[in-house]
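Work through the exercises below with the model open. Try each task before you read its solution.

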Amino acid sequence: MTQHLADPTTGTATVTTAGRPGWWRDAVIYQVYPRSFADGNGDGMGDLEGVRSRLPYLKDLGVDAVWLSPFYASPQADAGYDVADYRAIDPMFGTLLDADAVIREAHRLGMRIIVDLVPNHCSDQHAWFVQALREGPGSALRERFHFRPGKGADGELPPNDWESLFGGPAWTRTVNPDGTPGDWYLHLFAPEQPDFNWDHPAVHDEFRSILRFWLDLGVDGFRIDVAHGLVKAAGLPDLGHNEQLKLLGNQPMPFFDQDGVHEIYRSWRTVLDEYAGDRIGVAEAWTPSADRTALYLRSDELHQAFNFHFLGTPWEAKKMREVIDESLEAMLPVEAPTTWVLSNHDVVRHTTRYAEESPEQGLRRARAAALLMLALPGSTYIYQGEELGLPEVVDLPDEVRQDPSFFRESGQEGLRDGCRVPIPWSGGEAPYGFGPVAGGPSWLPQPDGWAALSVEAQTGDPSSTLELYRSAIALRREHPALGAGESVEWLDAPEGVLAFRREDFVCTVNTTGGPVRIPAPGRVLLASGPAPEAAGASYELPADTAVWWAA
């Protein structure tokens with residue numbers, strides 16, 4: 001079991017598997033989506049002061065680090081993932097002093113801070129892009145983006161057939177300073193998010209400088225947005241397909257997972273290694289396989305990558321076991337920890353994904369999945385509110401939605417707002433303690449009935465999802481067999497049941513819709529639902545339930 005630092009700022013090495021230092025190898029990392037976590041000033045929008053005020057809650061939950069989604073200066077065309085200034089805080093979230101206060105308070109409480117970094121694209125209000133448009137064709141700044149002349153007699157067609165992940169073409173035509181139609185620029189996401197050209201040395205220099213700016217401020221690492229997308233295939237070749245979003249993860253794409261990205265991350269690793277305290281890089285890398293993901297985690301590149309293959313696995317024991325094995329095996333050659341994640345700010349909450357028959361079924365499965373995830377070797381990510389058992393909000397009115405893909409055709413589902421609704425803290429009516437004033441505003445409306453899901457309502461209730469997470473994280477930290485590791489020992493189990501051993505610890509998960517009898521693995525430590533009933537030398541494991549055992 002890894003011994004964690006009491007003070008992340010000391011730079012003292014931790015003890016891990018294979019004798020390698022690295023707190024991230026078994027860390028429980030909590031994602032905060034700032035606009036929906038806590039509102040410190042009462043304007044209805046979450047902010048950094050709200051985050052700082054709620055850090056003791058995260059300390060009590062037992063997490064090791066906090067990942068903050070973007071809070072940079074931004075026009076907010078894509079909820080802050082369109083950055084205008086990487087060294088400034090957007091006023092809706094506070095100031096640079098507020099960011100400094102969050103980092104200092106987290107460190108005082110013994111937690112680390114990971115910040116989001118968005119290197120694939122910026123905002124169309126970024127100073128480089130604004131000047132590139134203003135100066136027109138021939139501007140040297142245009143070389144830092146992907147400006148291209150259009151096809152067709154008058155350049156009226158996009159330069160290639162690439163499609164935006166938010167729908168429509170991945171190109172937008174500019175207007176020259178004299179008012180005539182101009183070149184096109186590439187944006188794999190919204191038109192307000194022009195892609196950087198990572199073939200240009202100035203882009204490399206700028207982002208190394210940005211890394212040092214935040215490392216100097218004390219952050220412990222970076223979650224790298226679209227880490228797989230920075231380098232595009234030479235010549236920007238046509239893909240030759242429509243509905244390209246459906247091809248992601250199924251075949252090579254000329255704009256994703258190009259081998260050239262690895263040179264960038266080797267350069268970034270040298271910057272991270274300049275600083276004491278094990279500063280880390282975490283890749284958001286959507287790749288076709290776990291083996292391709294592992295390439296981002298070689299010893300001279302990044303430290304972790306999100307395991308999207310696990311996140312997307314259905315509630316079926318056989319498929320879960322396959323993905324677990326593939327994920328663990330893929331990390332062995334690069335000696336990197338496997339990560340486990342069930343939800344984030346871009347996907348439907350797993351409580352709802354698992355609810356094939358009813359919300360109650362979804363919650364049972366979500367609780368069991370949490371115990372499964374926390375029992376596996378490696379590092380775990382928790383998305384804010386999943387520890388409360390929050391479901392997806394599926395009935396938001398169209399007029400309150402803000403996801404840019406909702407307003408474009410043929411792109412992502414456009415329903416990401418449903419997992420971004422502000423979380424409930426206390427009280428009997430909205431905004432449930434989200435802000436400092438009872439009955440105050442909330443940037444997205446919260447459902448009626450969330451009072452029973454609030455932190456206040458669940459605290460101290462041994463049957464609540466919050467107390468289940470608190471107990472599981474505490475046991476995970478205390479038990480010598482849990483946390484960092486490279487493998488599990490699978491045990492014989494009935495169809496539909498997962499059972500594995502880690503030294504003197506056993507985890508069993510019944511993914512079926514009915515009770516299953518299993519041999520008694522030992523003494524029950526924790527169960528996601530009703531405790532299994534003993535019957536001689538066996539136990540009846542309830543439907544959609546996970547149990548931890550002391551073997």
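**Exercise 1. An aromatic pair**

Is Trp425 buried or exposed? Then find its ring partner and say what the pair connects.

Solution. The model is predicted. Start with the accessibility of Trp425. The value is 3%. The cut-off for buried is under 20% relative accessible area, so Trp425 counts as buried.

Next, take the partner. Trp425 forms an aromatic pair with Tyr57. Tyr57 is buried too, at 9% relative accessible area.

Now describe the geometry. A ring pair is described by the distance of the centres and the angle of the planes. For Tyr57 and Trp425 the centres are 5.0 Å apart and the planes stand at 80°. Angles over 60 degrees count as edge-to-face, and the pair is edge-to-face.

Tyr57 belongs to helix H2 (residues 48-61), and Trp425 to the loop between strand S13 (379-383) and helix H12 (455-458). The pair therefore ties together parts that are 368 residues apart in sequence. For context, the structure holds 35 aromatic pairs.

**Exercise 2. The two sides of H4**

Which residues of helix H4 (residues 127-135) are buried, and what do they pack against?

Solution. List the buried residues: Trp128, Phe129 and Ala132. Check their directions around the axis. They cover an arc of only 95°, so they lie on the same side of H4.

Turn to the opposite face. The exposed residues Ala127 and Arg134 are carried there, turned away from the buried side.

Then find the packing partners. The buried residues of H4 pack against strand S6 (147-148), strand S8 (181-186) and helix H5 (201-217).

Trp128 has a further neighbour. The charged end of Arg144 sits over the Trp128 ring, 4.4 Å from the ring centre. Arg35 is placed likewise over Trp443, with its charged end 4.8 Å from the ring centre.

**Exercise 3. Length and cover of H3**

How far apart are the end C-alpha atoms of helix H3 (residues 96-108)?

Solution. Count the residues: H3 has 13. The expected span is 1.5 Å times one less than the number of residues, so H3 should span 18 Å. Its end C-alpha atoms are 18 Å apart, which agrees.

Now pick out the buried residues. They are Ala99, Asp100, Val102, Ile103, Glu105, Ala106 and His107.

Their cover includes H2, strand S2 (65-68), strand S4 (85-89), strand S5 (112-117) and H5.

**Exercise 4. Backbone exceptions**

Where does Val226 lie, and what is its phi?

Solution. Val226 lies in the loop between strand S9 (221-224) and helix H6 (261-272). Its phi is near 50°, a positive value in a residue other than glycine. Val226 is buried, with a relative accessible area of 4%.

Asp278 is in the loop between H6 and strand S10 (280-283). Its phi is near 55°, again positive in a residue other than glycine. At 21% relative accessibility, Asp278 counts as partly exposed.

For the cis bond, go to Ala430 and Pro431. Omega between them is about 10°. Pro431 sits in the loop between S13 and H12.

**Exercise 5. Leu328 and its contacts**

Which residues does Leu328 touch, leaving out those up to four places away in sequence?

Solution. Read its accessibility: 6%, so Leu328 is buried.

List the contacts: Thr338, Trp340, Pro377, Glu486, Ser487 and Val488.

Leu328 and Phe308 are 20 residues apart in sequence, and their C-alpha atoms are 13 Å apart.

**Exercise 6. Cysteines and an exposed loop residue**

How many disulfides does a search of the whole structure find? Is Glu495 buried or exposed?

Solution. The search finds zero disulfides. Check two cysteines. Cys419 counts as buried at 1% relative accessibility. Cys507 is buried as well, at 1%.

Glu495 is in the loop between strand S14 (489-490) and strand S15 (497-502). Its relative accessible area is 79%, so Glu495 is exposed. Glu495 and Leu217 are 278 residues apart in sequence and 52 Å apart in space, C-alpha to C-alpha.

Terms used:
Residues numbered from 1 in each chain as written. Predicted model: local features only at pLDDT ≥ 70, side-chain atom pairs only at ≥ 80, totals over all residues. Heavy atoms only, no water. Buried < 20%, exposed > 50% of the residue type's maximum accessible area, 1.4 Å probe, protein only. Helix = DSSP H or I, 4+ residues; strand = E, 2+ residues; numbered from the N terminus. Arc of directions from axis to C-beta. Contact = heavy atoms within 4.5 Å. Phe/Tyr/Trp six-rings, centres within 6.5 Å; stacked < 30°, edge-to-face > 60°. Lys NZ or Arg CZ within 6 Å of the ring centre and 35° of its normal. Disulfide = S-S within 2.5 Å.
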